[in-house]
Amino acid sequence: MKVESLIPAGGFFPEYFTWVRRLTDAPEPYHIASALSIMSATCSRWAEGRFEVQSLDGTTLSSVYPTSLWVLVVGPSGDRKSTSMDYA
């Protein structure tokens, strides 16, 4: 699977990737992690996730959880991990 197939066609993500690709040659997965951390930091207090499950008797159980995302970037030394996170 190509990384480009994971990026939405419009909105924040393609604009961020267009901007950051001109600044550094860090690998795409690091830029994805950086973009996701920006979105998490921006939306964490206002976004929420809804979890719904249908029980065996047909009733729907649902809960709302605040969203938060922890990002861990792992790669070899000198692979521009810090560079991609610094631009975020």
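Colleague: What should I know about the ground rules?
Modeller: This is a predicted model, where local features need pLDDT of at least 70, side-chain atom pairs count only at pLDDT 80 or more, and totals for chains, interfaces and linings use all residues. Residues are numbered from 1 along each chain as its sequence is written, and side-chain values use heavy atoms, with hydrogens and water left out.

Colleague: Why are α1 and α2 called oblique?
Modeller: Lines are fitted to C-alpha atoms, for helices over the stretch in contact, and the angle between N-to-C directions runs from 0 to 180 degrees. Under 35 degrees is roughly parallel, over 145 roughly antiparallel, 65 to 115 roughly perpendicular, and the rest oblique. The axes of α1 (residues 12-21) and α2 (residues 28-43) come within 10 Å and cross at roughly 130°, so the pair is oblique.

Colleague: And what is the handedness of that crossing?
Modeller: The α1 and α2 crossing is right-handed. That word applies if the near helix is turned clockwise from the far one by less than a right angle, and left-handed if anticlockwise.

Colleague: Which residues meet where α1 and α2 touch?
Modeller: Contact means heavy atoms within 4.5 Å. From α1 you get F12, F13, Y16, F17, V20 and R21, and they meet E28, H31, I32, S34, A35, L36, I38 and M39 of α2. The residues of this contact split into ten nonpolar, two polar and two charged. Nonpolar covers Ala, Val, Leu, Ile, Met, Phe, Trp, Tyr, Cys and Pro, charged covers Asp, Glu, Lys and Arg, and polar covers the others, Gly among them.

Colleague: Why is H31 called buried?
Modeller: Buried means under 20% relative accessible area, exposed means over 50%, and partly exposed is in between (1.4 Å probe, protein chains only). H31 has a relative accessible area of 0%, so it is buried. H31 sits in α2 and, leaving aside neighbours within four places in sequence, is in contact with Y16, F17, V20, T24, A26 and S84.

Colleague: What makes M39 partly exposed?
Modeller: M39 has 28% relative accessibility, so it counts as partly exposed. This residue of α2 is in contact with F12 and F13, leaving aside neighbours within four places in sequence. M39 and F12 are 27 residues apart in sequence, with 8.9 Å from C-alpha to C-alpha.

Colleague: Why does S82 count as exposed?
Modeller: S82 comes out at 51% relative accessibility, so exposed is the label. S82 belongs to α3, and its C-alpha atom is 10.0 Å from that of S34, 48 residues apart along the chain.

Colleague: Where is K81, and which residues does K81 contact?
Modeller: K81 is in α3 (residues 81-87). Its contacts, leaving aside neighbours within four places in sequence, are Y30, V73, V74, G75 and P76. The C-alpha atoms of K81 and S34 are separated by 9.5 Å, at 47 residues apart along the chain.

Colleague: What does E52 touch?
Modeller: E52 lies in β1 (residues 48-54) and touches T60, L61 and S62, not counting residues up to four places away in sequence. E52 and S62 are ten residues apart in sequence and 4.2 Å apart from C-alpha to C-alpha.

Colleague: How much of the chain is buried?
Modeller: Buried residues make up 19% of the 88 residues.

Terms used
Helix = DSSP H or I, 4+ residues; strand = E, 2+ residues; numbered from the N terminus.
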